[in-house]
Amino acid sequence: MQSSDKPSTGTMDANGRRPWLGASAPDSSPAAAPPSLRWRGPWRTWLLLSWAICTLASPTFAFVVVLLCIDARSDNPYFWWSLPLIVAAGNAVAILRTHYRHGRRGYADRAALARQHAATAQATAGALFLAAGAASGLLPELAAMLLGTRDAGPAALGGIALAMGFGVASHVHAGALHAWLAFREPAAAMAAPASAR
């Protein structure tokens with residue numbers, strides 16, 4: 001019953017999912033839960049491909065990398081060079097979280113998976129952006145410049161707003177891309193020949 005489009009160890013339930021960490025297999029009756037999405041096979045390759053495409057397709061990733069290629073000189077090089085890594089880390093954390101959750105309780109549709117992935121990636125990237133900006137000292141200066149005040153309260157709120165904006169701009173597309181690249185709809189998975197899985 002195991003196939004190459006999902007993790008290959010452990011017992012599978014009726015929907016082709018593997019319960020993780022001792023979770024019991026869900027009830028396979030049609031009334032219990034709708035059929036869930038399936039991993040594309042080989043699943044590790046598709047997850048890695050999804051991570052790479054989601055990262056490279058990020059507008060902030062492309063923008064910062066192009067600026068750094070044009071002129072890498074900066075008064076805060078660690079902050080600017082950390083931004084592409086933050087985008088990649090946000091996608092990696094989101095992929096791991098959705099992968100883990102799908103192994104425990106499968107996603108019924110791509111929209112739910114896309115929302116979870118985007119929210120996780122945006123929160124992770126925003127938090128890492130805030131940490132990198134505060135550590136480099138650039139974020140308070142940038143927020144003060146944009147707001148036109150050096151007061152600590154408004155500058156802190158401005159920094160948080162910048163971090164949230166970076167997270168959203170970096171990963172607004174990522175959930176839909178990951179759901180489309182790494183998963184198949186249940187009907188398409190059932191229709192595919194066994195040799196293709």
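How do the axes of helix 4 and helix 5 (residues 138-147) cross, and within what distance do they come? They cross at roughly 95° and come within 5 Å.

## Ground rules

This is a predicted model, so to speak of local features takes pLDDT of at least 70, and side-chain atom pairs count only at pLDDT 80 or more, while totals for chains, interfaces and linings use all residues. Residues are numbered from 1 along each chain as its sequence is written, and side-chain values use heavy atoms, with hydrogens and water left out.

## The chain as a whole

The chain has eight helices and two strands, in the order β-α-α-α-α-α-α-α-β-α along the sequence. Both kinds of element are DSSP runs numbered from the N terminus: helices are H or I with at least four residues, strands are E with at least two.

Of the 197 residues, 41% are buried. Buried here means under 20% relative accessible area, exposed means over 50%, and partly exposed is in between (1.4 Å probe, protein chains only). The chain exposes about 10300 Å², with carbon and sulfur atoms supplying 69% of that; these areas come from the Shrake-Rupley method with a 1.4 Å probe, and for residues only the protein chains shown count as cover. As for contacts (heavy atoms within 4.5 Å), take those between residues at least 6 apart in sequence: 71% of them join residues at least 24 apart.

## Helix 4 against helix 5

Back to the opening pair, whose axes cross at roughly 95°. That angle makes helix 4 roughly perpendicular to helix 5. On the scale used, under 35 degrees is roughly parallel, over 145 roughly antiparallel, 65 to 115 roughly perpendicular, and the rest oblique. Axes are lines fitted to C-alpha atoms, for helices over the stretch in contact, and angles run from 0 to 180 degrees between N-to-C directions.

Helix 4 brings Phe-129, Leu-130, Gly-133, Ala-134 and Ser-136 to the contact, and helix 5 brings Leu-138, Leu-139 and Pro-140. Sorted by type, that is six nonpolar residues, two polar and no charged. The sorting counts Ala, Val, Leu, Ile, Met, Phe, Trp, Tyr, Cys and Pro as nonpolar, Asp, Glu, Lys and Arg as charged, and the others, Gly among them, as polar.

## What sits around that pair

Ala-127 also belongs to helix 4 (residues 110-136). With a relative accessible area of 46%, Ala-127 is partly exposed. Its C-alpha is 8.3 Å from that of Gly-167, 40 residues away in sequence.

Ala-155, in helix 6 (residues 152-171), is buried at 12% relative accessibility. Setting aside neighbours within four places in sequence, Ala-155 touches Ala-143 and Leu-147. Leu-139 is 16 residues from Ala-155 in sequence, and their C-alpha atoms are 8.7 Å apart.

## Helix 3 and its two partners

Helix 2 (residues 59-70) packs on helix 3 (residues 77-104) at about 150°, the axes 9 Å apart. The two are therefore roughly antiparallel, and their crossing is left-handed. Left-handed means that the near helix is turned anticlockwise from the far one by less than a right angle; right-handed means clockwise. Thr-60, Phe-61, Val-64, Val-65 and Leu-68 of helix 2 meet Trp-80, Trp-81, Leu-83, Pro-84 and Val-87 of helix 3. That comes to nine nonpolar residues, one polar and no charged.

Helix 1 also packs on helix 3, at about 145° and with axes 9 Å apart, but this crossing is right-handed. Trp-43, Leu-47, Ser-50, Trp-51, Cys-54 and Thr-55 of helix 1 meet Val-87, Ala-88, Asn-91, Ala-92, Ile-95 and His-99 of helix 3.

## Two loop residues

Ser-58 sits in the loop between helix 1 and helix 2, and at 1% relative accessibility it counts as buried. Beyond neighbours within four places in sequence, Ser-58 contacts Val-87, Ser-170 and His-173. Ser-170 is 112 residues from Ser-58 in sequence, yet their C-alpha atoms are 5.2 Å apart.

Pro-42 lies in the loop between strand 1 (38-39) and helix 1 (43-56). Pro-42 is partly exposed, at 43% relative accessibility. Its C-alpha is 9.6 Å from that of Ala-182, 140 residues away along the chain.
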